[in-house]
Amino acid sequence: MNKSETLLYKPTTKKNSDCNIWMAFPGPEGFALSSLGYLWLFKNLDEIDDINIERIYSETEATHIKPDEVNFMGFSFSFDTDFLTIFSMLEKYKIPLRSRDRIENYPFIFAGGPVVSANPAPYEDFFDFFIIGDGEDVNLQIISIYKENSHLSKPEILKLISKIEGVYVPKVTTTKVKKLTKKLTECIYTPILSEKSFFPNTFIMEVARGCANRCGFCIASYLNLPLRFMPYEDLIKTIDLGLQHTNKIALLGAQLSAHPKFEQICKYIYNKIQNGDHIEMSVSSLRVDAITPEIMQTLVACGQKNITLAVEAGSERLRKVINKNLTKEQIFKAAEIAKDAGLKGFKFYGMLGLPTETMQDIDEMINLAKELKQKYKGFDISFGFSTFVPKPNTPFQWCGRESTKILEEKSSYIKKEMHKLGVTATISSAKWDYWQAVLSRGDNSFGDFIEDTYRFGGKLGAFKKSAKLHNINTDYYACENWSFETHLPWDFIDIKPGKDFLINENKRLLNLS
């Protein structure tokens, strides 16, 4: 620990450690220190007295545990292109990229997180094992098996690890792998406060996990089903714990406002402010149809000036197709409540290139911006867009995306029209989103393609050059519509509610068009 950090738990004194672990984050320290899952997994292991563990980041060098002493190196894998940084970190410590080249004197290399929980297939050549799903408890089981059997060879230990539910060992596993879904028996919160964090000295706490709305494209919803809430009493205790150390708190959850006592949580914080406490609070996201005067009152009292609301599509027709059942009236009602409460503006999030989208849908998004701008003069309205990427284990996993050319034309059009209205619109790169789609629906033939993409520099040209070298039809993965009979690279992962349900949802939603 360094002087810029405050630990909200008690690490044990390390004596005669049986296991040395690097917890690796493929990004800068500031991002790692704002990653709740990464920090919580580190805390759980740091509390065990015979485990020696160190956090390492992309731009820093390990200082506590020597490379030749490391037994396990675990990576948080949250974004499709994280493999580029992961490879760079492995090479920095002179660790071979391929698992087949890592003999006995190298550590076990593993990964967890949304990317590999949804589809680990493209990365099988590089990791010894993957944790599929909620991994809070699995790490402890893995380390326990290792400590009891450290005299065995790596292949023998991997065979033992492969028997743990939720662990996928590419060289060993031959059956379906069940995704782990943890009961929320404890409130997960930021165990390490730091001024170096992307959100300096902010106490982040998980209020809900999963989302019952199930938008057709949303991996965060389907991968984390069922929707689970932390009990109100535990949340209040956790809020009080955080406020003992900082005045900055953040509530996390894909469907925060669905918590049955979310208004009471907001009221609890609002009352503290009314009693003289200075509290800054932010929320990860809110549904448009869940905004109430009480919630807005609390956010404004906590110093929040703007919030992001996901409307996804401009027309009610397309919102129904993606299962985002919001009406225009609900959007305007949310804006009315927010403005009356003293909020300064909204940033709306949308997506371009959704299945069945037409130019009329895009024009309706522009008209929505126009009407909001005209009705709420002085209220800051902005939009952020990404382009549709088919994600594993969602109803739209069989849907290809439109060509990059068409998506760039749509992006230019909406940006130009929004500019005419005086509305800022930021849009993700359709070219980068294309390669994200390729990786998202990729399979276990991707090893050479992925490695050479890294070797060629990891830029857009590197992806194209490597795909051509290895004769990979990337349009098949990114742009083609797949039949329901297509074998999916991730079919071996058992994720509820299951493939038949996703097929029926796909048919139901697309028939609405």
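This report describes selected local features of a predicted model, from its salt bridges to one helix and a few single residues.

Because the model is predicted, local features are reported at pLDDT of at least 70 and side-chain atom pairs at pLDDT 80 or more, whereas totals for chains, interfaces and linings use all residues. Residues are numbered from 1 along each chain as its sequence is written, and side-chain values use heavy atoms, with hydrogens and water left out.

## Salt bridges

Side chains of opposite charge can pair when their charged atoms come close. With a salt bridge defined as a side-chain nitrogen of Lys or Arg within 4 Å of a carboxyl oxygen of Asp or Glu, the count comes to 26. Three of these pairs are set out below.

| Pair | N to O distance |
|---|---|
| D128 and R102 | 3.5 Å |
| R287 and D289 | 2.9 Å |
| E402 and K410 | 2.7 Å |

The salt bridge between D128 and R102 links distant parts of the chain, 26 residues apart: D128 lies in the loop between α4 (114-118) and β6 (129-131), and R102 in the loop between α3 (82-92) and β5 (108-112). Helices here are DSSP runs of H or I with at least four residues and strands are runs of E with at least two, numbered from the N terminus. Both D128 and R102 are buried, where buried means under 20% relative accessible area, exposed means over 50%, and partly exposed lies in between, computed with a 1.4 Å probe and protein chains only.

Elsewhere, salt bridges that share partners join E91, R98, D125, D448, E451 and R455 into one network.

## Helix α17

In helix α17 (residues 460-469), the residues A462, F463, S466 and A467 are buried. They lie on the same side of α17 because they cover an arc of only 125° around the axis, the arc being that of the directions from the helix axis to the C-beta atoms. An α-helix has 3.6 residues a turn, so residues three or four places apart point the same way. On the other side of α17, K464, K465, K468 and L469 are exposed. The cover over the buried residues of α17 includes α3, α15 (430-440), α16 (447-455) and α18 (474-478). Just after α17, N471 takes a positive phi of about 55°.

## Single residues and a surface patch

N44 belongs to helix α2 (residues 36-46) and counts as buried at 12% relative accessibility. Not counting residues up to four places away in sequence, N44 touches E136 and L140, a contact being heavy atoms within 4.5 Å.

K344 is placed in the loop between α12 (328-341) and β16 (345-352). Its C-alpha is 6.1 Å from that of D380, although K344 and D380 are 36 residues apart in sequence. With neighbours within four places in sequence left aside, K344 is in contact with K305, N306, G378, F379 and D380.

F199 sits in the loop between β9 (192-194) and β10 (202-206) and is partly exposed, with a relative accessible area of 42%.
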